[in-house]
Amino acid sequence: MKQAKDHSSTRTLKLFLLVENRLLREALAGIVRKQPDFCVVGVDRYTPSIEKQFVASGCEILVADHASATIFPATFVAHSLSLVPGLKIILLGMEEDPEVFLQAIRAGVSGYLLGDAGAEETLAAVRRVAQGEAVCPSKLCLHLFQFVAREAQKGSLVLNQRACAKLGLTPRQQQLISFLARGLTNKEIAANLNLSEFTVKNHVHRIMRQLNAESRYAAVQTVCEGGLGADRLT
């Protein structure tokens, strides 16, 4: 009784179901239509003209199964999101493939459910996405965290080339700055570059003088800020 009361107090969500297999399509539509807070505004399989259908339907959430997702054009998700402001896309029945998952996240999906997700889990995911949340299986959440961490690390290694040119850093100095950004000690940098610790120490001191930086951290900050720190000191 409480669940029905909660649902009746929320507005009706307009869903468009995109499922390749007819039996699964009809079964999913039947389940969704029983929910008092859901309104199915379209049910179909993927075709090149499907975008016109869900745009005309006024749907708020597009739910697509794995079979449909595998035949989508590479730009389908991003293009669909641009066609319908505020549209949310959920993929269900997906495989536990980190690369496919990350690709879907980059494209802009708000929900990613694996093939073992049941009806209740799927309905709950739709409601959470409608409330502004993103939903993905805990099995893949760690992969997302690791991906973000790797990208952040790459960002510290791939220095702003314009800033480096502006600051007059040589390729070797850029390489050293990238190691400093990762928090490596002189000894660790020396081991990575096959140099003596004394040589690395001299390089670091020269970089600090060149950037008017009082510390290794300040030198990294100057480069990360695109040379702004150097401008303030000159």
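Let me start with one residue. Ala29 lies in helix 2, residues 22–33. Helices here are DSSP runs of H or I with at least four residues, strands are E runs of at least two, and both are numbered from the N terminus. Ala29 is buried, with a relative accessible area of 3%. Buried means under 20% relative accessible area, exposed means over 50%, and partly exposed is in between, with a 1.4 Å probe and protein chains only. Leaving out residues up to four places away in sequence, Ala29 touches Leu17, Val40 and Val43. Contact means heavy atoms within 4.5 Å. The C-alpha atoms of Ala29 and Asp44 are separated by 10.0 Å, and the two are 15 residues apart along the chain.

A word on the source. This is a predicted model, where local features need pLDDT of at least 70 and side-chain atom pairs count only at pLDDT 80 or more, while totals for chains, interfaces and linings use all residues. Residues are numbered from 1 along each chain as its sequence is written, and side-chain values use heavy atoms, with hydrogens and water left out.

Now the overall picture. The chain has 14 helices and 5 strands. Of its 234 residues, 39% count as buried. Take the contacts with a separation of 6 or more: residues 24 or more positions apart account for 62% of them.

Next, strand 1. Phe16 sits there. Phe16 counts as buried, at 2% relative accessibility. Its C-alpha atom is 6.0 Å from that of Val40, 24 residues apart along the chain. Beyond four places in sequence, Phe16 touches residues including Val41, Asp44, Ile50, Phe54 and Leu62.

On to the core. Which residues have the most contacts inside the largest nonpolar core? They are Leu18, Phe54, Leu62, Phe72, Phe76, Leu91 and Tyr112, in a core of 25 residues. A nonpolar core is a set of buried Ala, Val, Leu, Ile, Met, Phe, Trp, Tyr and Cys residues joined through side-chain atoms within 4.5 Å. Among the elements that give two or more residues to this core are strand 1 (13–18), helix 3 (50–57), strand 4 (88–94) and helix 8 (138–157). Look at Leu18. Apart from neighbours within four places in sequence, its contacts include Tyr46, Leu62, Phe72 and Phe76.

Phe101, Leu102 and Ala104 are buried. They cover an arc of only 160° around the axis, so they are on the same side of helix 6. That arc is taken from the directions from the helix axis to the C-beta atoms. The face turned away from the buried side carries exposed Glu99, Gln103 and Arg106.

Last, helix packing. Helix 11 (residues 186–193) and helix 12 (residues 197–210) pack at about 110°, with axes 8 Å apart. Axes are lines fitted to C-alpha atoms, for helices over the stretch in contact, and angles run from 0 to 180 degrees between N-to-C directions. So helix 11 is roughly perpendicular to helix 12. Angles of 65 to 115 degrees count as roughly perpendicular, under 35 as roughly parallel, over 145 as roughly antiparallel, and the rest as oblique. Asn186, Lys187, Ile189 and Ala190 of helix 11 meet Glu197, Val200, Lys201 and Val204 of helix 12.

Helix 10 (residues 171–181) also packs on helix 12: the axes come within 10 Å and cross at roughly 95°. That makes helix 10 roughly perpendicular to helix 12. Residues in this contact include Leu176 and Ile177 of helix 10, and His203 and Ile207 of helix 12.
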